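Open the model in your viewer and keep the selection tool handy.

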Amino acid sequence: MSSSIIEVRRAQKSFAPGQPILKDVNLDIRRGERVALIGANGAGKSTLLRCLAGLVPLSAGDVDILGQTFSASPNARQRKALRRQLGFVFQFHGLVRRTSALSNVVNGYLGQGHGMRAWHQMLASHAVREDARAALEAVGLGEKWDARADTLSGGQSQRVAIARAIVHKPALIIADEPAASLDPAAGGDIMTLFHRLAGARGCTLLFTTHDMSHALSYADRVIALKAGTVMLDAACTDLTTADLEPVFHGD
């Protein structure tokens with residue numbers, strides 16, 4: 001088995017002719033790594049994550065992720081295989097506001113072969129409900145299982161979103177700016193939680209951030225995009241915030 005969980009070769013993406021977002025991106029992420037993807041607004045971070053997950057097609061290049069190799073975008077069979085092994089956490093939690101925290105976590109089984117029974121905890125099997133309760137316990141919200149999503153704080157909502165992403169025990173978690181919508185204290189708590197869960201579960205974590213301290217504190221490695229290309233790829237132990245500042249400033 002390859003030690004790489006993600007390999008990207010010469011990835012390019014344009015949403016309009018002559019306006020490339022990604023330009024010839026190459027990267028290799030090993031199993032079990034915690035990797036921070038950084039860059040200024042418009043550098044292509046979120047676009048790259050969505051291309052990796054098959055949510056947005058590449059314009060050119062190849063991706064090998066979780067054993068699925070594709071150009072442009074995965075086919076239906078590959079997309080189904082990716083869903084079974086991938087957990088995705090968005091910046092804005094995307095919870096169903098009028099249902100409980102537990103039902104939102106059960107939604108993490110959508111696309112996992114459970115059909116309509118993954119729409120609500122009252123429809124779910126006992127095993128799925130127990131997995132969802134355990135995921136809420138893992139993110140520190142076991143006592144909030146029956147709280148409606150629209151009564152939760154921002155930090156609690158993001159914890160539910162994380163529980164939803166981990167409930168089916170993915171090999172890879174991708175998180176797009178998971179702390180950006182939170183205050184500094186709550187954001188730090190969320191990143192600490194990601195770091196702990198990835199280590200405890202032995203899964204790979206790839207997250208985007210604008211916060212240089214988060215990148216250096218919660219990742220093993222930093223990959224920086226600038227103008228759609230990789231300008232830096234190094235272990236966190238070899239970096240300081242001064243090394244990262246040119247990613248966000250200068251020509």
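Start by selecting R34, which counts as buried because its relative accessibility is 16%, buried being under 20% relative accessible area with a 1.4 Å probe, protein chains only. This is a predicted model, in which local features need pLDDT of at least 70 and side-chain atom pairs pLDDT 80 or more, while totals for chains, interfaces and linings use all residues. Numbering runs from 1 along each chain as its sequence is written, and side-chain values use heavy atoms, without hydrogens or water.

R34 sits in strand 3, residues 34-38 (strands are DSSP runs of E, at least two residues, and helices runs of H or I, at least four, numbered from the N terminus). Now show H195: the R34 side chain reaches its backbone oxygen at 3.4 Å. Beyond four places in sequence, R34 also touches residues including L205, Y218 and D220, where contact means heavy atoms within 4.5 Å.

Next, select G155 in helix 5, residues 154-166. G155 is buried too, at a relative accessible area of 16%. Which residues does G155 contact, leaving aside neighbours within four places in sequence? They are L182 and I190.

For the last stop, select R83, L86, F88, F90 and L110. Of the 21 residues that line the largest pocket, these are the closest to its centre. Helix 2 (76-85), strand 6 (86-89) and helix 5 each supply at least two residues of that lining.

How values were computed
Buried < 20%, exposed > 50% of the residue type's maximum accessible area, 1.4 Å probe, protein only. Polar contact = N/O pair within 3.5 Å; in protein donor to acceptor, adjacent residues only side chain to side chain. 1 Å grid on protein atoms, 1.4 Å probe; cavity = no way out; pocket = protein on both sides within 12 Å on 5 of 7 lines; lining within 4 Å.
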